[in-house]
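Dear colleague,

I am handing over the structure we spoke about, and you will find its sequence and model just below. After that I go through what was found in it, one topic at a time.

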Amino acid sequence: MDIRIEEPLWLLLLVPIMIYMAYTWKSSGMRFAQKGTILYALRSLVILCVVFALTVPYMMLPDDEEQIIFVVDRSVSVEEAGEAAEVWIAESLKARNANQSVGIHSFAGTFRTDIRLTNAELQVPKLAPMESNGATNIANAIDLSAAVAKVNAATRIVLLSDGLETEGSVEELLPKYENSNVQIDTVVLRRANNEDASISLFETPQTAFEGERQLLRVEIESSIRTAGQLLIYLNDEEIISEPVTLDEGANQFAFHHEARGTGLLKYEAKLIVPNDGLLENNRMLSVTMLEQSPRVLVVQTERSPSVIPSLLDQDAIEVDVVDADKLPESLSGYLGYGAIIFDNVPGHLVGEHKMTVIEQAVKSFGTGFMMVGGDESYGLGGYFKSPIERLLPVEMEVKGKEQLPSLGLVISLDRSGSMSGSKIVIAREAAARAVELLRNDDTFGFTAFDHQIWEVIPVGPLRDKQDAMEQILSIPAGGGTDIFPSVVKAYEDLADLKLQRKHIILLTDGQSPMPPDYEDVIAEGKNTNVTLSTVAIGTDADSTLLEELAELGGGRFYNAIDESTIPAILTRETSMLTRTYIEDDPFYVSLGNVPEWTSIFQRGVPQMNAYIATTPKATATIVAESPKEDPVIAEWMYGLGRTVAFTSDSTGKWSGDLARWEGYPDFWNTAVSRLLPSYEDVPYLITHDRGGTYTITDSSRKSAFLEIAIVDEQGKDVPFQSEPLAPGKVRVTLDAAPGLVFFGVSDDRGGLFEAGVSVPYSEEFKPSEPDVTLLEKIAERTGGEYLEDPAQAFRAHPFKSGDRKLIADWLILSAMILFFIDITLRRFGMFSSLLNRKEKNDVDEIPTVKTEDHVSELLKAKRKR
């Protein structure tokens, strides 16, 4: 047993205290009465107790407890060895002594406690795999396992791993555990199936010209001699299929391919090998950016082909035309274009998913976007509250809603069991969005049906939009499907109402029999000015019947195979109830002060016939407006991309003399030039460091700072952490699955750069032999052993544990007791009677001097004088 202190600096207080006490002793003549000496000693003891209590003193009592902590690697590289690790631990427990506590932890990129430290009997359970097993962080696992152990106890960490760390550095941590009470033993784990072939390198040119023969290099690592099939895809289309023979070690292959794609090319290499140990390392991506003329994507519909491509200068601009329903699903399909133009395209043919991807292309990568008006565009196209509305400089809602005709709308929604999941969620949100477009006091009703009718909102004036939307959003799914009774009820509710527009929207994903007189019900409804539109959700709906109902009801039929198109359908149907969105009085526009636009109208502006009314957003630039102060041409910057709204059409039906004007081609070429991003030649370099870490460098060293956006192929933001390293240099660490991501980089000088980057599979999936050298080094530097015999895990620990007992409280208690004794002596004088009695005895012992003796002495003295 020994006594130790944690805060020795407090002992310095004794120096001024001793000086003061010495001064006090000396100033008293270096002596005290007996009572004073006792009080002086008591006060000195009180001070000493308080000072020593401040130093946090404690006693170390010997203890024979030992802690054995098993830390098991459960990353992908040794996932199959998990059962072997459990067997090894179970075997080692047979040598456990009574004084040894045991705990078990698992780790990969993260850390998990499986069994807390216990001195009870232990049976090794079947341990679940780690959820995040795509990395190995040995340093983190050792540090956390040591942290859960008792501080002063003899501790041994038994690390079971292959030693292949992909995160952190255990060697940087080892000095912390040298010459400590923590030993680290290591046990090697080996993958059960070492037969593996993996693509270790897939390289294509960073840039290329169209028609150039590109060199595609593939390197494959194989642990055995085997054969397989190598496939290479370009933008998801197979271009090469080659049988390959693989030798043990590195195998290199090269292919040539002419770059016939345009813009960003996504290459993918896949390897197929029988009995392969890991499949995750058999796929790798690479990207190539083609240098070429600017490309513009014009989106049209089969019903309304666009005239814009014929008006553009195709010697300077490459124009692609695509129907709205054939737009790309992923971001890589848009990043090859400098601008995208929607020419009278309804939102339900695009869908919210594609709108979101386009929004990311504009916001994060500088792609320009323009919407051109028409009877299926803007509000009439169902873009209210959509991603496209967010990126445009105008809102779909219009001023002057009091001019709308009186209208009544009833929505009949299928809530049967087959609508559960995303169908009912999207349909409810779409119906709520339609309510937002209505005015207060418009007539509205909402009916849900399964095998019976649920009147959620009775037909009547819409008093409280928010309440109506909340009721709609609470509709659950369940039950069978009986379609027509709800339609009959809607017709009955609207029949006698004195309204200018009366409309029913039916949404269902199912089928049900029709009564014999269903055609008569619809025909009678048309006589009372009630129209019916139908929406078939998914592939199981009776599209033939629903199309027939819409045709008989004088409305429109929508086949919503893509559920994300439902919101656009309902907002379009609601907007179609009024024609005041279309301003159709001939007019001349007034021009704003935008030189690029005003320069083409130097000889005057042609007369136009019509446009769709919209509301400009607060920061939008109005290029041209109507006499009613509605925007006809408006633009703004949305993120990195410029967007333009042209609310008239391109055909001449609405744009009138503008379409017959000799400067009409200049109008569209100017529009495209406004949309195209202004790229500077900024030599950005994106280099892959390790795992999901990349360094972005402006090698010109002219940028003060960089702004970075990263999204995946679906247009979703990729989480990342950025760390500025120097001006114009940033390190980013992604949290992304292996695949393709897109970097958008801009700087403070207006430079813009975009690049596709392949995120490789984790190094965990690379076939490698265990790093035995590292495991031996860990054991050697911490006083542990590289174990082969499981029983050795429970050998005696050279460090002796100590049970730490704090004594500061006892010192404080002693100081308090001594202090109260001091007070008692000074205030109540318990020594007084003893001291007084002693003084009295001393007085009694003095001889009595007689009075006569004193007188005689005085007389003798007088005679002498």
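**A nonpolar patch on the surface**

Trp10, Leu13, Val50, Leu54, Ile812, Met816, Phe819 and Phe820 form a nonpolar patch on the surface, and together they have about 690 Å² of accessible area. The elements that give two or more residues to this patch are α2 (34-54) and α19 (808-828), and the largest share, four residues, comes from α19. Patches are made of residues with over 30% relative accessible area and no salt bridge, where like charges are joined within 9 Å and nonpolar side chains (Val, Leu, Ile, Met, Phe, Trp, Tyr) within 5 Å. Accessible areas come from the Shrake-Rupley method with a 1.4 Å probe, and for residues only the protein chains shown count as cover. Helices (H or I, at least four residues) and strands (E, at least two) are DSSP runs, numbered from the N terminus.

Please keep in mind that this is a predicted model, in which local features need pLDDT of at least 70 and side-chain atom pairs count only at pLDDT 80 or more, while totals for chains, interfaces and linings use all residues. Residues are numbered from 1 along each chain as its sequence is written, and side-chain values use heavy atoms, with hydrogens and water left out.

Valine 50 is found in helix α2, and it counts as partly exposed because its relative accessibility is 35%; buried means under 20% relative accessible area, exposed over 50%, and partly exposed in between (1.4 Å probe, protein chains only).

**Aromatic rings**

The structure holds 16 aromatic pairs, where rings of Phe, Tyr and Trp (its six-membered ring) pair if their centres lie within 6.5 Å, and planes under 30 degrees apart count as stacked, over 60 as edge-to-face and the rest as tilted. Phenylalanine 601 and tryptophan 661 form a stacked pair, at 5.2 Å centre to centre and with 10° between the planes. Phenylalanine 601 lies in the loop between α15 (595-598) and β29 (611-612) and tryptophan 661 in the loop between α16 (657-660) and α17 (664-675), so this pair ties together parts that are 60 residues apart in sequence. Phenylalanine 601 counts as buried, because its relative accessibility is 8%.

Tyrosine 664 and tryptophan 668 form an edge-to-face pair, at 6.1 Å centre to centre and with 80° between the planes. These two are separated by about one helical turn, because they are four residues apart in helix α17. Tyrosine 664 is buried at 4% relative accessibility, and tryptophan 668 is buried with a relative accessible area of 0%. Trp597, Phe601, Phe646, Trp661, Tyr664, Phe667 and Trp668 form one aromatic cluster.

**Salt bridges**

The count comes to 34 salt bridges, each being a side-chain nitrogen of Lys or Arg within 4 Å of a carboxyl oxygen of Asp or Glu. Arginine 433 and glutamate 352 meet through their side chains in one of these, at 2.7 Å from N to O. Since arginine 433 lies in helix α9 (residues 422-437) and glutamate 352 in helix α7 (residues 352-365), the pair ties together parts that are 81 residues apart in sequence. Arginine 433 is buried at 14% relative accessibility, and glutamate 352 is buried with a relative accessible area of 18%.

Glutamate 91 forms a salt bridge with lysine 94, their closest N and O atoms being 3.1 Å apart. Here glutamate 91 is partly exposed at 40% relative accessibility, whereas lysine 94 is exposed, with a relative accessible area of 66%.

With best wishes
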